Amino acid sequence: MSGSSTRAEKKKKSVHVGWEVAKLLFTLIFNSEKIPGQVDRLDDALTNHCTRSNRTWWINRINALTRPRFVRRLIEKKLNKNTPLHECVNLTLDVELSHDKVFYKESTFRQKWANWYENHCSEPLKFFIPGSGTFPEFDPKCDSHLVYDYDAVLEVIGEVLQAEESGRQIRALGSGHALTPIAQSDDYLVCTQYLNVTNRPAKEFIKAAYRDGFEVEVNFGNQTAKETHYLFETSGGTKIRHLIEVLEKYGWYLMNQGGSSIQSITGALSTSTHGSGIGLGPIPSMVRSLTLVGTGGKAYRVEASEGVTDPVLYDGKIPGSDRTIELIQDDETFHAVLVGVGCMGIVVSMILEVQPIYGLFEERRVRNWDDVKAEMTTSPDLYAYLNAHRHFEVLINPYIDRKATTDTTRKCLVTTRDYSHSTDKHPNARKERNYLSSFISGINISGKLSPWVFNRNPDAIPGMINNSLHRIEDYAERGSGFEDTARKVLDQGLGELKFYGFATEYGVPLDRVVDAVDLILRTCEEAIPYRHYLAAPFSLRYVKHCPAHLSMMNTGDICMIELVSVRGVTGSYTLLRKLESALIEFGAIPHWGLSVLPWTPEMVEKAFPKFHLWKKYQQKFGGRTFLNPFMEDILAPRTDAIPPS
Ligand SMILES: Cc1cc2nc3c(=O)[nH]c(=O)nc-3n(C[C@H](O)[C@H](O)[C@H](O)COP(=O)(O)OP(=O)(O)OC[C@H]3O[C@@H](n4cnc5c(N)ncnc54)[C@H](O)[C@@H]3O)c2cc1C
């Protein structure tokens, strides 16, 4: 094909996509009932008439078009006609889309902090910003990552002492992504954004057997194999996405990750954040050593009994100071401090187990939930069923689409991922996820528009969820599948949209999953007459046992059930509260970062059987200094609470 005819062809395709985008906008404003059909046509245009650069061009063009305030006001005006006030669209982009709140060291203002969902906030008496790292312009190539940041340790020690001398409590903040009030405090807060100086292969004081890689046995796809893993040292405030960038520099990667990488590494550790894969533990399972500053400004380096630090080499000295970092190598202590929920002190650094960069091949299939359920309940070996792939997860539509003309079974999407080198299924695998979802999730205002779409016609949600599951279906037999480096595959690829979703999550033992799902489906069904819906499928993610006392995986291999909806969809929050209440009654384990009801001591004691042990260590390391109202209610319920009438 000649250059000019290629250009003409490209132009034609671009016009086609432009036409479908324009029609979608028109439908959105003037004829919202027809949105599903128009979305399908846009999907077809993006998939069959568009290149990657075309799509990016359109995303940038739409973002530029909708950036001027008057354009957004115009769209709002059209959409909000005849819309109740609480469901009106507000297309401000300014604050919400700065996903990382940046706090400046030199600021003289009084500070206000809120978590990402903005359901908990603090106006702390003092706001400390220790560390000399860079944020948000973190540079993975910076040479200063090669040194240990002792200055930060001393700075944090000073802040803890200041708090204790004034009789105040103090608490570290990560990225503020927990939906629970676990980061909130009215006394002193520590912003950890700049605690990100150290990011290097861990070699200093490390036992020779661990210094240059060590062998571990893994079992994925029901096959045991040996892998060489490495140790990497990172500062406590490093954001996971920055950590990944530095790891890539060394040709390494995390063993697994959750659906988002904007959390701080300690925020994720402190709440036992996890991904999916029955042979893969949560973040605390990847941590081999933890350095923190506890009550009295004492610094500790805590590890398992057979820890990675060589006690003979280790001197614990902090250069330029008479303070030391005490080495503790003891399983019980380590398992207590790992998931500290901010109460064990301020984590200044940690050593993680990582592995060489790997590729993953992903398949996503839409199936009938009843068939998957039958496979799970009749499987002679449930573990082997779940471990048939390195990663296995299921997204279930909470609703049956009763308006569907043909198929009225409950749909789910089964996702599996395997090392790309371990499968020969991927000759046609694409290096891109579903075009429509990556397209929509790149557009700034789409997150703000989606609740409006759901609120406009809530009874269409069951069908919309089915459509979205079908849209992201992608597997080898159909001639595709998705293959890339683990980083691209494990990131859920929701772009801007994920900041408008919110979720709660509960752990259930493997043999109770089907009953828990039935309970969720019943509860969702009961809310339909009131038009209260979850606007997204819920997920089953499988996680390996983790010995950390407060990990949701402490009692064994666990299925984490994540219930998701979209911010601003009327009735979703209420429904999530009902679901949480029913699941806690059922005996499910709540996620420290993803829950909407108050927590009680009884509930924590039941869900985390080693809580009594954890409390003992919390007194030693954190004491009252590192508690906040949420944790005080769990540890020692306030006596001034108003008794029930
Ligand atoms: C879009 C999104 C996707 C998510 N995906 C997943 C997922 O896939 N899997 C999953 O399990 N969870 C997931 N979560 C939940 C999330 O991972 C947890 O809530 C996590 O705690 C957030 O980390 P953070 O850095 O924002 O911590 P924050 O919310 O800021 O803090 C959490 C806790 O960590 C403590 N803390 C933070 N830094 C330190 C420190 N340096 N020293 C001591 N304590 C500290 C805080 O005091 C607090 O108690 C998701 C949340 C969102 C919003």
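A residue counts as buried here if 20 or more other C-beta atoms lie within 10 Å of its own. The model shown is predicted.

**View 1. Helix H14 is mostly covered**. This helix spans residues 446-456, and nine of its eleven residues are buried. For the protein as a whole, 46% of the 645 residues count as buried.

**View 2. The ligand is surrounded by 33 residues**. Five glycines are the closest of these: Gly174, Gly258, Gly267, Gly342 and Gly593. Strand E4 (170-173), helix H8 (265-270) and strand E13 (346-356) are the elements that each give two or more residues to the shell around the ligand. Of these, helix H8 contributes the most, with four residues.

**View 3. Polar residues number 20 in the shell around the ligand**. The shell also holds eleven nonpolar residues and two charged ones.

**View 4. The protein as a whole comprises 21 helices and 21 strands**. Its radius of gyration is 25 Å, close to the 26 Å that the globule rule gives for 645 residues, so the protein is as compact as a globular protein of that length. Along the principal axes, the C-alpha atoms fill a box of roughly 70 × 65 × 55 Å. Among contacts between residues at least 6 apart in sequence, 78% join residues at least 24 apart.

Note on methods: Residues numbered from 1 in each chain as written. Predicted model: local features only at pLDDT ≥ 70, side-chain atom pairs only at ≥ 80, totals over all residues. Near = placed C-beta within 6 Å. Nonpolar A, V, L, I, M, F, W, Y, C, P; charged D, E, K, R; others polar. Rg over C-alpha atoms; globule rule 2.2 N^0.38 Å. Buried ≥ 20, exposed ≤ 12 C-beta atoms within 10 Å, placed from the backbone. Contact = placed C-beta atoms within 7 Å.
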